[in-house]
Amino acid sequence: MFTIGKKMDQTQTFEPTAAPLDTRVTRLLGIKYPIIQGAMAWIADGKLAAAVSEAGGLGIIACGSAPTEWVREQIELARSLTKNPIGANIMLMNPNTPELAQLLADMKVDVITTGAGSPSPYIQMWKEAGCKVVPVVASAALAKRMERLGADAVVAEGCEAGGHIGELTTMALTPSVCDAVSIPVITAGGVADGRGLVAAFALGGEGVQVGTRFLTAFECGIHDAYKQKVIGAKDSDTIVTGRPSGHPVRQLKNRFARDVRKMEGGSDASVDEIEQMLAGSLHRAVTGDVEMGSLMSGQVACLVHDEKPAAQIVDDLMNEAYTWCGKNLTDMAAKNAERAWKEA
Ligand code: TUI
């Protein structure tokens, strides 16, 4: 049983009901459900990660561009809140990556995910420290390279996702990556409910990574104004900035995103001016500036209608998926492990 405080003066109890689901991903990571919480920079801290891990999924602390000491504290916090495995994510564009990579190895974090680049230089060190290594990839070519270097699984992230994205949709990317590698593939980008989980399994996935749905978890510390923007979003309310610079980022439409797009679209703004505008934009959003902050979010914000405990988000995802296709989920996962979907 979980006791969850929504606000300081209010507690709710929540009884999880979903049966465990056995897949190669749950076995590899030592978790009950094949649900990984996406690493959202400035957002996914030790408290959110611990709530997801305690609920039977895998919570991930996003190192983002935070100082090394903050990351250490969040790992310690998460470990004080749950005995279940937890993960940490390194965003490889961060210049502090070598120091963070060493910290995660020293602290023997159960699972390390990476984004926005290739973690090749660090995989061996992490494996030697006993960490499971799960790079996020946006192409089959990178997935293949990661498998060769010893990755335990990959997250195939389609461009429906929020934040920094690649080019391919989830619908094309998951099966393409499954055809390229034998290790388990975890589908990300566009998954916010049980239908998304079933769809991910139908594409060959053996687990899902879910980010946007957790933005409105009670344990997610972003400003309420950001949460309300996610809850109010329609399917057409996200926009991608950064394509001209080669760093595309999906976020909710607001004045900031429109201004950036205008500057990118042939105005006289210099690269420096655009970079100045981007600096601190996610932090502004997280602290409540919903007009001039970057409200990173996936397209599935349109499927998020309420705030609830992380444990309930996990439980709902599983129960919806079971309602949709029951025990077939276990069979699909087993067939996906064998890449056996072409057999009768
Ligand atoms: O990393 C993410 N999403 C992120 S990181 C982030 S922090 C940020 N803050 C401000 C500006 C920009 C970013 C916010 N969202 N997702 C994982 C991901 N990785 N998506 C796509 C990729 C990816 C793309 C290309 C991974 C590898 C890659 O190519 C590397 C190679 O060498 O081929």
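Ser182 sits in the loop that connects helix H7 (170-180) with strand S10 (185-188); helices here are DSSP runs of H or I of at least four residues, strands are runs of E of at least two, and both are numbered from the N terminus. The model is a predicted one, in which local features need pLDDT of at least 70, side-chain atom pairs count only at pLDDT 80 or more, and totals for chains, interfaces and linings use all residues. Residues are numbered from 1 along each chain as its sequence is written, and side-chain values use heavy atoms, with hydrogens and water left out.

What is Ser182 in contact with, once its neighbours within four places in sequence are left aside? The partners are Arg24, Glu147 and Arg339, where contact means heavy atoms within 4.5 Å.

Let me turn to the sheets. Eight strands make up an open sheet with parallel pairing, in the order S3-S11-S10-S8-S7-S6-S5-S4; two strands pair if DSSP finds at least two bridges between them. At the edges stand strand S3 (35-37) and strand S4 (59-62), each with a single partner strand, so one side of each has no neighbour in the sheet. On average, neighbouring strands of this sheet are turned by 25° against each other, direction ignored. Such angles run from 0 to 180 degrees between N-to-C directions, and the axes are lines fitted to C-alpha atoms, for helices over the stretch in contact.

Within this sheet, two bridges link strand S7 (residues 132-137) and strand S8 (residues 154-157) in the parallel sense. Val137 has Ala156 of S8 as its bridge partner.

Helix H5 (residues 120-128) lies across S5, S6 and S7, at about 150° to S7.

The loops beside these elements hold two residues of note for their backbone angles. Lys108, in the loop between H4 and S6, has a phi near 50°, a positive value in a residue other than glycine. Ala116, in the loop between S6 and H5, has a positive phi as well, near 60°.

Ala116 also brings us to the ligand. Which of the 16 residues around the ligand come nearest? They are Met91, Ala116, Val136, Glu157 and His164; a residue is counted as near if one of its heavy atoms lies within 4 Å. A polar backbone atom of Ala116 is 2.9 Å from a nitrogen atom of the ligand, a polar contact being a pair of N or O atoms within 3.5 Å. An N or O atom in the side chain of Glu157 is 2.9 Å from a ligand nitrogen, and a backbone N or O atom of His164 is 2.9 Å from a ligand nitrogen. The ligand taken alone exposes 720 Å², of which the protein buries 73%, with areas from the Shrake-Rupley method and a 1.4 Å probe. Helix H6 (140-148) and strand S9 (163-164) are the elements that give two or more residues to the shell.

Strand S9 belongs to a second topic, an open sheet of three strands in the order S9-S13-S12, paired antiparallel. S9 and strand S12 (238-241) are the edges, each with a single partner strand, so one side of each is left without a neighbour in the sheet. Gly163 has Arg250 of S13 as its bridge partner.

Note on methods. Polar contact = N/O pair within 3.5 Å; in protein donor to acceptor, adjacent residues only side chain to side chain.
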